[in-house]
Amino acid sequence: MILLVDDEASIRTAVRRALEHAGYEVCATPDGAAATGVWRREGERVEALITDVILGEQNGTALAAEFRRERPDLPVVVISGYLGAQVRQSGGLPPGAHFLEKPFTLDELVETVRTALGERTELDPG
């Protein structure tokens, strides 16, 4: 299962649908508190975290760091339209995290998730 955290409903819906269409199970949440609840209940099923940087009360990089304290190898994809100052303020991207700048295409999203999960992509002949 991929745990998706984004406070914009339209983005959450589009990302969830694209990933489900690509064959992934997705649990979409609007904020860090809801994501933490899913993590506590089903953390062992979470294969990757996709999070926006700005999540209201909490930022996505802090959320990723929290989850990675329990699972250091958790694949993380950070999405944001505000990479520069916002990510620097939050301490930068988590080590090894993948970044996808908004706006992105749904194909770019799926390819980034596949890469984060270590899956071969259509662009990878190897």
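## Basis

The model is predicted, so local features need pLDDT of at least 70 and side-chain atom pairs count only at pLDDT 80 or more, while totals for chains, interfaces and linings use all residues. Residues are numbered from 1 along each chain as its sequence is written, and side-chain values use heavy atoms, with hydrogens and water left out. Helices (H or I, at least four residues) and strands (E, at least two) are DSSP runs, numbered from the N terminus.

## Helix α1

Helix α1 spans residues 9–21, 13 residues in total. From first C-alpha to last it reaches 18 Å, close to the expected 18 Å (1.5 Å times one less than the number of residues).

I11, R12, V15, A18 and L19 are buried in α1 (under 20% relative accessible area, exposed being over 50% and partly exposed in between, with a 1.4 Å probe and protein chains only). They lie on the same side of α1 because they cover an arc of only 140° around the axis, taken from the directions from the helix axis to the C-beta atoms. The buried residues pack against β1 (2–5), β2 (26–29), β3 (48–52) and α5 (106–116), where contact means heavy atoms within 4.5 Å. On the face turned away from the buried side, S10, R17 and H21 are exposed. Just after α1, G23 has a positive phi of about 100°.

## Helix α2

In α2 (residues 32–42), the buried residues are G32, A35, T36, V38 and W39. Their arc around the axis is only 160°, which puts them on the same side of α2. Their cover includes β1, β2, β4 (54–55), β5 (58–59) and α3 (60–70). A33 and R41, on the other side of α2, are exposed.

At the start of α2, a side-chain oxygen of D31 comes within 3.2 Å of the backbone nitrogen of A33.

Note on methods:
Polar contact = N/O pair within 3.5 Å; in protein donor to acceptor, adjacent residues only side chain to side chain.
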